[in-house]
Every structure is written in structure tokens, then in C-alpha cells.
Amino acid sequence: MPGKIIIFDTTLRDGEQSPGASLSSAQKLIIARELEKMKVDVIEAGFAISSPDDYKSIQDISSALKDTTVCSLSRAVEKDIAASAGALAAARHKRIHTFIATSPVHMKYKLRMSKDEVVSNAVGAVKLARGYCDEVEFSCEDATRSDKKFLCEIIEKVISAGAGIINIPDTVGYSYPEEMGELISYLLTNVKNSHKAVFSVHCHNDLGLGTANSLAAVLAGARQVECTVNGLGERAGNASLEEIVMALKVRFPKIKTGVDTHAIARVSGMVSHMTGIVVQPNKAIVGANAFSHEAGIHQDGVLKKAQTYEIMKPEDVGISGSQLVLGKHSGRAALAKKFKDLGFQVAGDKLDAIFAEFKKLADKKKKVYDEDIIALIEKDMGRRDGFELKNFEVHTTPSGSKGKVTLKKAGKIFKGEAAGDGPVDSVLKAVEAVSGRKGVLTDYQVKSITVGKDAQGEVRLRAAFGKKVLAGVSSSTDIIEASILAYLSALNKLELRNIKT
Ligand code: KIV
Ligand code: ZN
């Protein structure tokens, strides 16, 4: 079944709903630019009504992208649709995505609406959205647990009201491939005006079937797949972009996507780094082990003929591409190139000023990550209101530790100290004493990222601040410093967004 599949990336919306995956607006802009370079067709940039930050991000992305369609999510509610339209105003290609739940359990307990009310809200929302934008997508939330006849009724009406894309979400990852394929075929056959819309799927991964379900839907005639980089998303995540794109390329080469697969590894690494969500080593396509062969028989086979154990080449997903990692020996040109790669135009005096800051940082840290570069840009844009580490001290005896920190925020210096159970505990408590924000570490990992006695330690952690779980990552030759910096990178996400906990 030949055809072109529209790849709709929702890393910045559903993906950001992964616990701990909060991204700053500068980070979102960088990811959106990378996705555009990778030739993704549609980017769901956020949920405009959900926060001023989401609204601003959609605006920034709308102004920056040229070829890719920018989309904003909205409930089937007037104020949501107006917010999406406002945020998308500058986009060259825009889409409003509106949704309402159609399953009995959602309609009865969550919406407390009758079927007729749901249909009338959906139709009203699509008409309203069409008043702002030519391209409107409608999703039947929890479609896979909805009554099929009711789906036909509501879909037919929203298509008549102007929806050009009909999305069938497996919201709770409940379906399985055969069922998903049958549902798409059923809808294409039984919705009278189905030929007037593109059918799409959005599969969650609760049973590990997100990619398989999406593929089954494509084979049954769906022509848009919603997915995320690294499979991020609510709970167990969404179908992963890299798996879908590569599964189609390897097994169904006549069904094309426009995605440049060579960018996959780079974008995956960038998203993992920025969200702080580590990709499991055995993850298909982008895991560290995806192309490594351990068993002697396998190694022997691959050396003789790669196809013995490799169904795709690592280069196809960009694994052999070299990465430009900045450090204290990097010059102005390397920094300028990094800004360009990240999609920022920085030159002249501005570059000189940021370069001076970069040098100070590179003296302290051997390896300067993209995240550090973004922090420099955000600081320059005046967008970074968070805490900055100026100094710290820690004294440890067998009976416990005392930590002191000096932090700077908005030009003011703050000092705090605290006792704790070990050096990391005491300095993080000292940070809490200063910031007034109390977090509980739900994950804390230290790993060496360079070799030798002065090796860099990389700390990746997750901290729960009330109900909000945030990830942080940083590195230093001193793991106590790396721990403070990683904790601040998580905590600053709250500060930047002014989130109360
Ligand atoms: O999972 C879901 O149903 C969604 C919709 C809003 C498309 O994310
Ligand atoms: Zn979803």
C-alpha cells in the first residue's frame, strides 16, 4: 500500500507531559528547529491555554518555523481555541487541534455529558477553530474504548463542520495491533464522508504496543501518525517517532515519510539531555546497545557481512556522525557554530559577551553541554530568573555533614546552610533553605563521563516538588558541585515558570 505518511510530532506537548520532562521555552524552540530540519511534517508545540509559558513557546515556534506546520492543542472549549489561534498567529503553516472524549467512561464520569452534548461541543469547536484556521484536527479522546457507531456519528459531523484531520487516539494504550487496524478500516468504510479527511492515530504505550498499533493503523489506511522522540509522553509514553519511521523504512519502503533519518540519533540525544530522561540502553533504534553486538558469533557474523545481524545501518540513523562537544579549548568560532547548530543567530558584541561567560564556565567544567549553552542564551535573553551557584562548602565527619551554599538570583546573593546525612544531602538541604522549595529525590545517579582521576561526574536526578516531578542534569569534576547544579537545574524550572508547590 504505497503512500506518504504525515509525521506529527508531539514531543513538546504529550512528550512534555512525561513526569519530570519539563522544558524551558528556549529548549523547546531548539527542539522544534531540529525537528523542522529533520523534516517532520507537523509539530504540536504545546497546549496554549495550559500556561503562559506554553502560549509563549507556541508563539516563538510559530515565528521561527518556515516549512513545518505548527499545531496547538485545545479542548473543545471556546477559550482554548481562541488561545491556540492567538498563539499560532505568526505561523506560516498552522493547525488547531481540538479534542473531546467519546468513550462511555469518560463521557459519564469525567465530562458528565450526554452523547448529544459531546457531539454538539465537538461540532461547535471545529466550526470555531475553522473560523481562525484552515487546518483543523479533531481527536476523539479514548477512541479505542468508544462505541464504534458513535465514533462514526461524531466523526461524520466534525468532518462536515470542517475538520480535515481525524485523529483516533488509543489514549490509555489499551488496544492491540489487529484491533487497531480493524478500527481504522471500519471507520474508513463506515464514515460516509471519510474520503474528505486524513485519518490519524495517536497510540500510547501502556502495554508496549504503541509502535505496533500505529503501524497496524497505517497498514489499514491511516495517513498520519502522532509520535514523540524517544517515545516520551504520559505514563508509559507514546509511540516513538524513530521506531515508526525506521519500521516503515525497513519493512514497508513504499510507504514513505519525509523524515531525514540521519538526524534521528542527534535529535534523540538532544531530547534526552534536555529533558533529563535517559534512553534505556536496549531501546530500539536509539538505545546505546541498539547497534552493538556482544556475542562472539554475532561479532564474527557482522564482521563478515553486516546484514547477518543488522537489519539497518547505524549510519542510517546518524549514529556514526561526530558531535561537536565544547570545552575550555573551544574558541569563538566553535561557539558561534554551536549557536548556529542550535538555531540561534549570535554574532558581534553579543557573541563576545556570551563567549566571555562561556570561557568562565568552561574553566570550571571540562565538557560544556548544549544545556549549558542554552542557559547562557537564556541568561542573555533575560529569561533566566533562577538560582545560580556562586559557592559551596561542605564538612563531613562520621557523625554527619554540614553544607553551606551561596546562590545568586536576580542580582542578589543568598546564603544558606544545613546539616544532613552525608555531603550531598547537606548541600541540597542548604539549597532548599535558600530557595524555600523542598524537593524529594526520587532518582539520583552519578556516572563518570570522562576518564582519569579528574574524571567528570555527571549527575542525573529527579526531584518531586509537591506533585511536580522535575529532572535535572549537570556535570563537574566535583560530584557535590554536579549534584547542586543538577538540583538547581530541576528547581529552576519551577522558578522560571513561577510554579507554586
Ligand atoms: O492521548 C490522547 O488522547 C491525547 C489527545 C489529546 C490527542 O493526547
Ligand atoms: Zn496522548
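Predicted model: local features only at pLDDT ≥ 70, side-chain atom pairs only at ≥ 80, totals over all residues.
- Asp 14 sits in the loop between strand E1 (3-9) and helix H1 (25-37), and His 204 in the loop between strand E7 (198-203) and helix H8 (210-219), so the pair ties together parts that are 190 residues apart in sequence. Helices (H or I, at least four residues) and strands (E, at least two) are DSSP runs, numbered from the N terminus.
- Asp 14 and His 204 are both buried, where buried means under 20% relative accessible area, exposed over 50% and partly exposed in between, with a 1.4 Å probe and protein chains only.

**Surroundings of ligand 1**

- The residues around ligand 1 are Arg 13, Asp 14, His 97, Phe 99, Ser 139, Glu 141, Asn 167, Pro 169, Thr 171, His 202 and His 204, a residue being counted if one of its heavy atoms lies within 4 Å of the molecule.
- Oxygen atoms of ligand 1 lie 3.0 Å from a polar side-chain atom of Arg 13, 2.7 Å from a polar side-chain atom of Thr 171 and 3.0 Å from a side-chain N or O atom of His 204.

- Ser 74 belongs to strand E3 (residues 69-75) and is buried, with a relative accessible area of 0%.
- Neighbours within four places in sequence left aside, Ser 74 is in contact with Phe 47, Asp 80, Ile 81, Ser 84, Ile 96, His 97, Thr 98 and Phe 99, contact meaning heavy atoms within 4.5 Å.
- Ser 74 and Ser 84 are ten residues apart in sequence, and their C-alpha atoms are 6.6 Å apart in space.
- Thr 144, in the loop between strand E5 (136-141) and helix H6 (148-161), counts as buried at 14% relative accessibility.
- The side chains of Thr 144 and Asp 170 are joined by a polar contact of 2.6 Å; such a contact is a pair of N or O atoms within 3.5 Å, where within protein one must be able to donate a hydrogen and the other to accept it, and residues adjacent in sequence count only if both atoms are side-chain atoms.
- With neighbours within four places in sequence again set aside, the contacts of Thr 144 are Pro 169, Asp 170, Ser 175, Met 180 and Leu 183.

**Positive phi angles**

- Most residues other than glycine have a negative phi.
- Arg 112, which is not a glycine, has a positive phi of about 50 degrees; Arg 112 lies in the loop between helix H4 (104-111) and helix H5 (115-132) and is exposed, with a relative accessible area of 68%.
- Asp 142 has a positive phi near 60 degrees and lies in the loop between E5 and H6, where Asp 142 counts as buried at 0% relative accessibility.

**Sheet E10-E11-E12**

- E10, E11 and E12 form, in that order, an open sheet of three strands with antiparallel pairing, two strands being paired if DSSP finds at least two bridges between them.
- E10 and strand E12 (412-420) stand at the edges with a single partner strand each, so one side of each is left without a neighbour in the sheet.
- Strand E10 (residues 388-397) and strand E11 (residues 400-409) are joined by nine bridges and form a hairpin with two residues between them.
- In this pair Phe 392 stands opposite Val 405, and Glu 393 opposite Lys 404.

Definitions and conventions: Residues numbered from 1 in each chain as written. Chains lettered and ligands numbered in written order. Heavy atoms only, no water.
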